[in-house]
Amino acid sequence: MASTSNPDSPSAHMADSHDLIRVRGARENNLTDVSVDIPKRRLTVFTGVSGSGKSSLVFGTIAAESQRMINETYSAFLQGFMPSLARPDVDVLEGLTTAIIVDQERMGSNARSTVGTATDANAMLRIVFSRLGDPHVGSPQAFSFNVASISGAGAVTFEKAGVTTKERREFSITGGMCPTCEGRGTVNDIDLTQLYDDSKSLAEGALTIPNYTADGWMVRIFTESGFLDPNKPIKKYTKTELHDFLYKEPVKVKMQSINMTYEGLIPKIQKSMLSKDREAMQPHIRAFVDRAVTFTACADCGGTRLNEGARASKVAGINIADACAMQISDLAAWVRGLKEPSVAPLLEALQQTLDSFVEIGLGYLSLDRPAGTLSGGEAQRTKMIRHLSSSLTDITYVFDEPTIGLHPHDIQRMNELLFRLRDKGNTVLVVEHKPETISIADHIVDLGPGAGTEGGQICFEGSFDELRQSDTVTGHHIDDRVSVKDTVRSPSGVMEIRGAATHNLKNVDVDIPLGTLVVVTGVAGSGKSSLIHGSVVPREGVVSVDQAAIKGSRRSNPATYTGLLEPIRKAFAKANGVKPALFSANSEGACPNCNGAGVTYTDLGVMATVSTPCEVCEGKRFMASVLEYKLGGKDISEVLGMSVAEAEAFFGEGEARTPAAHAILDRLVDVGLGYLRLGQPLPTLSGGERQRLKLATQMADKGDVYVLDEPTTGLHLADVERLLGLLDRLVDSGKSVIVVEHHQAVMAHADWIIDLGPGAGNDGGSIVFEGTPADLVAAKSTLTGEHLAQYVASAR
């Protein structure tokens, strides 16, 4: 046969020879000319210490190139609406198939986005009610809380057969949005005393809202509008002035020959701050909103977001608001009981979607749960739902730590889902640290040997048994187990929680020991986060380190994010007798050619934008004159090019000694980020690195109680021991540490464990165990106890 790969073997077709994804010379981020062959239609796990280059190889190279090549098959017109993707820095990529990325990125935190809207379950449910609801109220949009009811009438002019005709036309749209809360489910009441100090004038800085400084544009539009006297204390305003200040409708005003829109303070705040989901706000804005605004359930719709008409229509005795509020496992049972041949295909599709929720371990959610409140693990599993029943084969599925947020009891279920996707004939690539998932791989690729510049190499390829025998960091630590403590710390007091009823909690009463390391655990959906974030985090003196994504552009780096750059700039300025602003690439010291970016961009329309190192500053980001100023023999670009560990030594002693900078660098080393470069762009950091960066930053906060939400996320087995040491140091320094965690090593190391359950959703919400890890292992009375006992037994 002319098309065979081997003339001596006529049965071997050339098309069957492409069974590998071949990567040659990958150099994305810290990868050092990596070459690897990945078997297709197999489950391949990529492991290695955090920052070793796993995500750069899997997401930044293989998945990115697959998506870029798919985008190129579309017309130039369509590509104009798509994000332009640059080709990864790699010599050869062969054997790629269509890649579907299922990552940990939080789902859109828009206040109008719910689990139901994000998965299309709401869309199908609305059609069911529009067809079967009694009384009938309208089309599917009559059950949508995002569609308002509107009507109108007027004259329409059109030309027909050369004759201009005017006709009166009317239109109406029946939506499901509650008119009072505009489909948000909550209404807000603003405390005016938190917005301004009425004893001061605007010119004196009366406004106490973030970013509303007396000389800033936000305040100048009030002071220069002509409606208000900028030097008059607010408490002396007339009724008209106070109305203009707080509630005036938008109106055009001229300021310094510029047309501006003036509107009252209250509507301005509602549009700029309160229209956003709380979870998406920057920390200082969120703190202000929590202080100044009270959110209560809308009295008219009872928090359902729907108007009276949508709530009146029922199917089998329940309305759509009741259906969306039901636990998904219960809703699936209700849908299964609907026997209506006229909508049978629709009910079957809806049933399949709801059953997928239950199958993937999310049956405890409800469709009206805001999407922004899902954890990283819940969001990732929600994205998996649309792929479980797919008939597509020869797809490459790419997962980023799919076991995040999963109790050991749930990991086996996730493993089975990965097997199902593989057994359909798909290639499954998984970035993972948990031994339970690494052990099921058909093929393992271990990157390292270290992190950052010390990583980026292939250290091992092979099976799980071969990995255990290998001389790699992962091989050395794959069988690591933490033993239960012989003695535990005695509490210095207790934090009382009484009658906690947030979400699925059932009037929980619990005393959390202070001055100890407390681990709160339980299966996913048992109520851990509801208990801690609902009853502990809001208290005074509590510092919370959650999983929310770090916000920052390519101009942001560890130095700017942690506040480290501030004392460094001041030290440079003092040593050279110049302004601190010169030592910021985002301010006066920026290279004028690239504006401090270090690269110049060339827009090529539908093609990917090309970035090239700036020819003037050679990628250093600063003006040449700024680089002449030295501190300890180094210029500012050389300092930003240092690793955290190098900078700690540099600022710790000698001419460059800067205690404020050294303290921040100490904390970064403490959380295991000594290898990061100070000027490394935030988007290039892995998920685990970002969370530890946040932890290092918030360790500086003045708090007595630290709450950590799954701090082992993104951590390699070798890094968990370092984390446990950090937690011990925090407790030994007099702090109380509460950790929401599933990792058995953290549980075994705890002084006290609070286990919630026994199940998820309606089956959870109760305390099923309180005591020491040793007592939990001895009792084996809960799912957590059983798994912890197995873990500890294997450590002996």
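Let me start with helix α7, residues 265–274, where seven of the ten residues are buried, so this helix is largely enclosed by the rest of the structure. Buried here means under 20% relative accessible area, exposed means over 50%, and partly exposed lies in between, with a 1.4 Å probe and protein chains only. Helices (H or I, at least four residues) and strands (E, at least two) are DSSP runs, numbered from the N terminus. The buried residues of α7 are L265, I266, P267, K268, I269, M273 and L274, and they pack against β8 (186–190), α5 (217–223), α6 (239–246), α8 (283–292) and β11 (293–297), where a contact means heavy atoms within 4.5 Å.

Before going on, a word of care: this is a predicted model, in which local features need pLDDT of at least 70 and side-chain atom pairs count only at pLDDT 80 or more, while totals for chains, interfaces and linings use all residues. Residues are numbered from 1 along each chain as its sequence is written, and side-chain values use heavy atoms, leaving out hydrogens and water.

Now to the nonpolar cores, each being a set of buried Ala, Val, Leu, Ile, Met, Phe, Trp, Tyr and Cys residues joined through side-chain atoms within 4.5 Å. Which members of the largest core, with its 71 residues, touch the most other members? They are I568, I636, F651, L678 and L788. Helix α25 (residues 717–732) gives the most to this core, with seven residues. Domain 4 (480–550 + 689–795) and domain 5 (554–684) both contribute residues, so the core lies between them; the domain bounds come from an automatic or database domain assignment.

Finally, the salt bridges, where a side-chain nitrogen of Lys or Arg is within 4 Å of a carboxyl oxygen of Asp or Glu. A search of the whole structure finds 31 of them. In one, E241 pairs with K232, the closest N and O atoms being 2.9 Å apart, and both residues are buried. Another joins the side chains of E359 and R420, at 1.9 Å from N to O. Because E359 lies in helix α12 (residues 344–359) and R420 in helix α14, this pair ties together parts that are 61 residues apart in sequence. E359 is partly exposed, at 32% relative accessibility, and R420 is also partly exposed, at 34%.
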